[in-house]
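Good morning, everyone. Please look at the sequence and the structure on the screen, and I will go through them chain by chain.

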Amino acid sequence: MTTQEALFNYCLRLADNHLILGHRLSELCSKGPVLEEDIACTNISLDLIGQANALLQYAASIENNGRNEDDLAFLRHERHFYNSLLSEQPNRDFAFTMVKQFLIDAFNYYLFDELKKSKDLTISALTTKGHKEITYHLRHSSTWIDRLGLGTDESNLRTQNAINELWRFTDDMFVMDEVDKMLITDGIATDLNIIKTKWQNTVNGAFEKANLKIPEKVWMQYGSKQGKHTEHLGFLLAEMQHLHRAYPGVKW
Amino acid sequence: MNSISLSIDEIRNLLSQIPDPEIPVITIADLGILREISIQDNTCIISITPTYSGCPAMKMIEDEIIKKFRENGVENVKINMVYHPAWTTDWINDEAKEKLRIYGIAPPEKSTVNKSSLMSETKEIACPQCRSKNTEMISQFGSTACKALYRCKDCKEAFDYFKCI
């Protein structure tokens, strides 16, 4: 693998995490539990898709093979997407949506904070900008963990159920392979073990405060970095890519 | 190919008239979206930066810039999207902040977003209508990603607050 190939792959991972989570949040458009949340979730979706767009543009320029950001978003198949397993999980109830969001916001918050120092100037610029937006995302989802955990018995139960179900996808975010190792040596990528420690502290603290527990002895699921996904991604892509595939090159 | 008859300063004056599509009382220059103007090989190169990464107004701003040049007989225009340095609300000048307030949007406070914001500490935001500081946040995300929704507990009016970033 060349550095160029590793960098292309790394940018896809960053972009796909945002694109897929952004798409999931966009599903709440006009279906949010209250008007303010409908607006909040779709605004966060917009931030994430905007960041994904810039990262995919950069990925396309690295690949330099005639594909643009739209081709990468709408014409890749499931096995060529590298978003985390957690990001593709369906929204289900609002507790489920917010637990998923919080776990990923906290991951993005520390990852982007580290990537500001990347020796790759484009990654540094995009993550510096992105981090400012993600700070607001994390503040939003942290508030919900508090409210749902300390709300009623029902809201606490549902939030705990969501944590129990989603926890098996959390380790997948921190998997590192040759791509990471190569780029860490070059000062471009960041060591995900460092991110994991910070992430654990934030998540433990928030859950403890909200009277929520992390499940013990969970069988962890992996695979996103080899493009191996849960059954949910295919359906998501079918919807997200439909228009572009049915009407190639369509414009508003 | 027509040669460009406008100077950089003339171009800057021209583009500084373009209002922000979402907040038409301030211009793209007031907001700091317009970053750099240069002329190379008979082409105007205009660098702009998005406020938020997903700002849907950017495409419209690009179209407005191209339209403005066309009206002045210039066809060779290239728009360059830049991400560094990252846009900050600190670039909005005091005059523009006052225009925001009169329009009904509470302008951003001075300091940019930092780690203390994680603690959900809320700043005192003055109501743009009655200037009371007896206000509360309704939602962290308002009509656009760059604004939060607040309510004044004195005059009872809901208002947008331009978040610091």
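**One residue, then two chains**

Ile194(A) sits in helix α8 of chain A, which covers residues 192-209. Helices here are DSSP runs of H or I with at least four residues, strands are runs of E with at least two, and both are numbered from the N terminus. From Ile194(A) to Met176(A) there are 18 residues in sequence and 12 Å in space, C-alpha to C-alpha.

Before going on, a word on the source: this is a predicted model, in which local features need pLDDT of at least 70 and side-chain atom pairs count only at pLDDT 80 or more, while totals for chains, interfaces and linings use all residues. Residues are numbered from 1 along each chain as its sequence is written, chains are lettered from A and ligands numbered from 1 in the order in which they are written, and side-chain values use heavy atoms, with hydrogens and water left out.

Now chain A as a whole. How many helices and strands does chain A have? There are nine helices and zero strands. The radius of gyration of chain A is 18 Å, close to the 18 Å that the globule rule gives for 252 residues, so chain A is as compact as a globular protein of that length. That radius is taken over C-alpha atoms, and the rule is 2.2 Å times the number of residues to the power 0.38. The C-alpha trace of chain A spans about 55 × 45 × 35 Å along its principal axes. In chain A, 58% of the 252 residues count as buried. If we take the contacts in chain A with a separation of 6 or more, 81% are between residues 24 or more positions apart; a contact means heavy atoms within 4.5 Å.

Next, chain B. It has four helices and seven strands, and along the sequence the pattern is α-α-β-β-α-β-α-β-β-β-β. Its C-alpha atoms fill a box of roughly 60 × 30 × 25 Å along the principal axes. Of the 165 residues in chain B, 47% are buried.

Let us turn to the strands. Strands of a sheet pair through backbone hydrogen bonds, either parallel or antiparallel. Here, two strands pair if DSSP finds at least two bridges between them.

In which sense do strand β1 and strand β2 of chain B pair? They are antiparallel, with six bridges between residues 34-40 and residues 43-48. Ser38(B) has Ile45(B), in β2(B), as its bridge partner. β1(B) and β2(B) make a hairpin with two residues between them, and in the turn Asp41(B) has a positive phi of about 45 degrees.

Chain B also has an open sheet of four strands, in the order β4-β7-β6-β5, with mixed pairing. β4 (105-106) and β5 (135-139) of chain B are at the edges with a single partner strand each, so one side of each is left without a neighbour in the sheet. The partner of β4(B) is strand β7 of chain B, residues 158-162, and the two pair in the parallel sense over two bridges. Within that pair, Ile105(B) stands opposite Asp160(B).

Notes. Buried means under 20% relative accessible area, exposed over 50%, partly exposed in between (1.4 Å probe, protein chains only).
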